Amino acid sequence: MRLLLLTHSFNSLSQRLFGVLRALGHTVSVELDIADAVTEEAVQMFKPDVVLAPFLKRRIPETVWAQTICLVVHPGIPGDRGPSALDWAITRGDAQWGVTVLQAVHEMDAGEVWAWEPFPVRFGATKSSLYRREVTQTAVAAVLRALDRFTHGGLQPAAHDSPRSIGTWNPLMPQAARRIYWPTDSTATILQKIAAADGSPGVLDTLFNLPCRLFDAHPASEQVVAVFSDQEPGSVLARRGPALLRRTLDGAIWIGHVRQEDATPSQPTPAQSPATNALKLAATRVFSAQSAALPEMPVPLMREDGDWDELRYREFGPAGACVGWLDFEFHNGAMSERQCQRLRDALRWVRTRSTQVLVLAGGQEFFSNGIHLHDIEAAQRVASDSAADASMRNINAMDDVALEVITLTDRITVAALHGNAGAGGCFLALAADVVWAHASVVLNPHYKNMGNLYGSEYWTYSLPRRIGEAASRALMQERLPLTASDAVSRRLVDTSFGEGAQDFGEQALERALALAATHNLTQCLAKKQAQREQDEAHKPLADYRAEELQRMHRNFYGFDPSYHVARHHFVYRKPHAWTPRHLASHR
Ligand code: COA
């Protein structure tokens with residue numbers, strides 16, 4: 001079939017559908033939903049059998065849906081309508097939710113249901129986590145079923161797929177419904193409110209008497225709470241990494257990220273969160289002066305308990321066949337200079353541990369998305385800093401992390417991708433000997449989409465050594481997302497597995513333990529060390545880095561401002577003005 005993906009942005013769900021549908025042999029093109037005239041033109045040019053809308057914020061024009069079947073993906077059960085479907089489901093505490101594929105008509109989300117699939121709502125998951133995992137997985141199944149119905153001649157949806165009365169219309173969730181009442185709300189209620197608003201629009205609140213939106217919240221451990229048991233709910237108590245600790249009625253929470261509210265916010269349109277000039281940043285960065293006065297509460301890197309921090313290291317298995325497991329749970333997979341330095345230091349310490357395998361587990365949501373573009377943008381506003389300088393420092397810090405991994409030759413290194421990876425984050429994974437990915441992961445192994453960035457992280461060493469020169473060039477030029485199975489077939493990833501959210505981690509640990517107990521591990525490691533020495537003699541890693549950074553220097557400081565423009569648009573989520581040509585094959 002000829003399928004046109006019409007979407008507000010080429011987000012994780014659209015990317016996944018793009019990959020899955022192409023793998024099934026469909027001809028897929030993409031048009032970003034910019035204006036009705038542009039959509040009409042795209043349909044005329046591409047002549048799709050079906051227009052698929054995975055993520056829309058506006059109605060499809062009648063000129064299009066009256067001529068061509070348009071199937072809209074709605075992250076809600078049949079009958080549910082409105083722009084805050086997941087927010088309401090989390091807030092109500094629904095145990096089951098669903099994804100519906102319905103036909104576009106005059107009214108938004110009101111057309112005939114072509115297919116729908118339920119999913120269990122993962123307890124404690126944030127909205128964006130549910131969207132990236134359960135919604136995406138379920139949407140793929142529902143879309144495939146709807147398309148199957150289309151190919152088998154059923155222009156009419158099947159009656160049993162139209163239980164239209166289950167859900168109802170729900171408006172855009174107002175901040176009033178999200179509001180936290182610190183003196184009376186329990187920890188669980190506050191976490192639920194922040195989860196329902198994460199990553200957008202956040203919960204409007206105040207910190208240090210300044211209005212801001214809260215994101216990225218985690219419960220504090222009992223030991224931490226015990227230290228501050230006499231404090232008032234709502235008071236800010238301590239700091240750890242990016243986060244501030246805040247007392248609740250029955251405990252405390254860590255707030256990792258905040259966005260300060262503008263002095264004069266513009267009015268939101270019904271389907272949008274307010275436009276803002278403020279960036280979502282680490283709470284300790286936004287309130288750096290106030291945080292400096294708070295006690296720091298570090299935790300050991302190696303710990304068995306679930307006390308929250310961005311980094312955690314554990315060991316599994318017997319001596320001689322031991323697996324080290326390093327989680328780096330950086331919000332949104334973005335790695336600032338500070339976070340890279342922490343990770344580099346953690347890797348240096350991990351080197352001293354006697355293990356046979358080191359698993360780099362990244363975060364549950366994202367493995368990594370490379371340098372921290374929000375943090376870099378924020379440097380523009382610091383008197384003695386600039387975005388170019390901050391970019392250079394960040395990429396150097398990122399390279400230091402990759403270097404630690406590449407030069408860790410006395411054990412097998414495994415990158416285990418629980419979540420998606422993009423740009424430098426993909427190449428950080430390739431610094432490891434072995435790469436495993438969750439079956440539903442999407443990878444974006446290229447840099448050019450961010451204003452023609454050249455990229456670093458030693459990719460010019462690690463990519464060709466894995467897939468060869470020609471395939472590396474093709475991958476970088478295509479600039480397309482790869483599903484996990486695409487990535488395996490292109491030898492970027494060694495294997496993909498896992499069904500649910502937990503399954504991948506459990507299987508990855510089993511596989512890592514088996515690797516650590518391999519009978520010929522000594523020979524494998526000797527081979528690895530010899531290969532590294534040979535590679536170093538052929539061309540030192542320092543040369544790869546210097547060459548890459550020379551190109552990056554041009555991206556950051558050169559006369560072509562593309563990277564700075566692209567980053568600015570990305571962090572402020574500016575609407576797209578055109579569809580990139582590598583996606584819009586009909587153009
Ligand atoms: N720096 C800072 N924030 C980042 C980031 C980065 N490198 N990559 C992603 N994010 C943030 C987004 O701003 C967004 O924030 P939100 O909390 O306000 O929603 C969140 O992570 C999710 O990103 P989104 O683009 O919505 O996710 P996606 O799954 O649809 O797309 C990518 C994934 C990787 C394609 C996309 O995020 C991307 O292009 N990231 C930039 C990668 C990059 O160029 N890195 C720099 C060069 S190394």
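Predicted model: local features only at pLDDT ≥ 70, side-chain atom pairs only at ≥ 80, totals over all residues.
The ligand is surrounded by 24 residues, and the closest of them are Ser-12, Lys-280, Asn-332, Ile-371 and Leu-373. The side chain of Asn-332 places an N or O atom 2.9 Å from an oxygen atom of the ligand. The side chain of His-374 does likewise, with an N or O atom 3.0 Å from a ligand oxygen atom.

A pair of aromatic rings is described by the distance of the centres and the angle of the planes. Over the whole structure, a search finds 15 aromatic pairs. One of them joins Phe-316 and Trp-325, whose ring centres are 6.4 Å apart; their planes meet at 85°, so this pair is edge-to-face. Trp-325 has a relative accessibility of 6% and is therefore buried.

Phe-427 belongs to helix H14 (residues 424–430) and Trp-459 to helix H15 (residues 459–467), so the pair ties together parts that are 32 residues apart in sequence. Both Phe-427 and Trp-459 are buried. Ring pairs also bring in two tyrosines, giving a cluster of Phe-427, Tyr-447, Tyr-454 and Trp-459.

Which residues of helix H19 are buried? They are Leu-521, Leu-525, Lys-528, Arg-532 and Asp-535. Viewed down the axis of H19, these buried residues fall within an arc of 90°, so they line one face of the helix. The spacing can be read against a general rule. An α-helix has 3.6 residues a turn, so residues three or four places apart point the same way. The other side of H19 has the exposed residues Thr-522, Gln-523, Lys-527, Glu-533, Gln-534, Ala-537 and His-538. As for length, H19 has 18 residues (521–538), which at 1.5 Å a residue should span 26 Å; the C-alpha atoms at its ends are 25 Å apart, which agrees.

Helix H11 can be read in the same order. The buried residues there include Gln-339, Cys-340, Leu-343, Arg-344, Ala-346, Leu-347 and Val-350. These residues cover an arc of only 160° around the axis, which puts them on the same side of H11. The 14 residues of H11 (337–350) should span 20 Å at 1.5 Å a residue, and its end C-alpha atoms are 20 Å apart, which agrees.

The remaining features concern the backbone. Most residues other than glycine have a negative phi, and most peptide bonds are trans. The peptide bond from Asp-198 to Gly-199 is cis, with omega near -10°. A cis peptide bond also joins Ser-200 and Pro-201, with omega about 5°. Gly-199 is in the loop between helix H7 (187–196) and strand E7 (203–207), and Pro-201 lies in the loop between H7 and E7 as well.

Where is Tyr-458, and is this residue buried or exposed? Tyr-458 is placed in the loop between strand E20 (442–444) and H15, and is buried, with a relative accessible area of 2%. Although not a glycine, Tyr-458 has a positive phi of about 60°. Arg-491 is not a glycine either, and has a positive phi of about 65°. Its loop runs between helix H17 (484–489) and strand E22 (495–497). At 46% relative accessibility, Arg-491 counts as partly exposed.

Definitions and conventions. Residues numbered from 1 in each chain as written. Heavy atoms only, no water. Phe/Tyr/Trp six-rings, centres within 6.5 Å; stacked < 30°, edge-to-face > 60°. Buried < 20%, exposed > 50% of the residue type's maximum accessible area, 1.4 Å probe, protein only. Helix = DSSP H or I, 4+ residues; strand = E, 2+ residues; numbered from the N terminus. Expected span 1.5 Å × (residues − 1). Arc of directions from axis to C-beta. Near = heavy atom within 4 Å. Polar contact = N/O pair within 3.5 Å; in protein donor to acceptor, adjacent residues only side chain to side chain.
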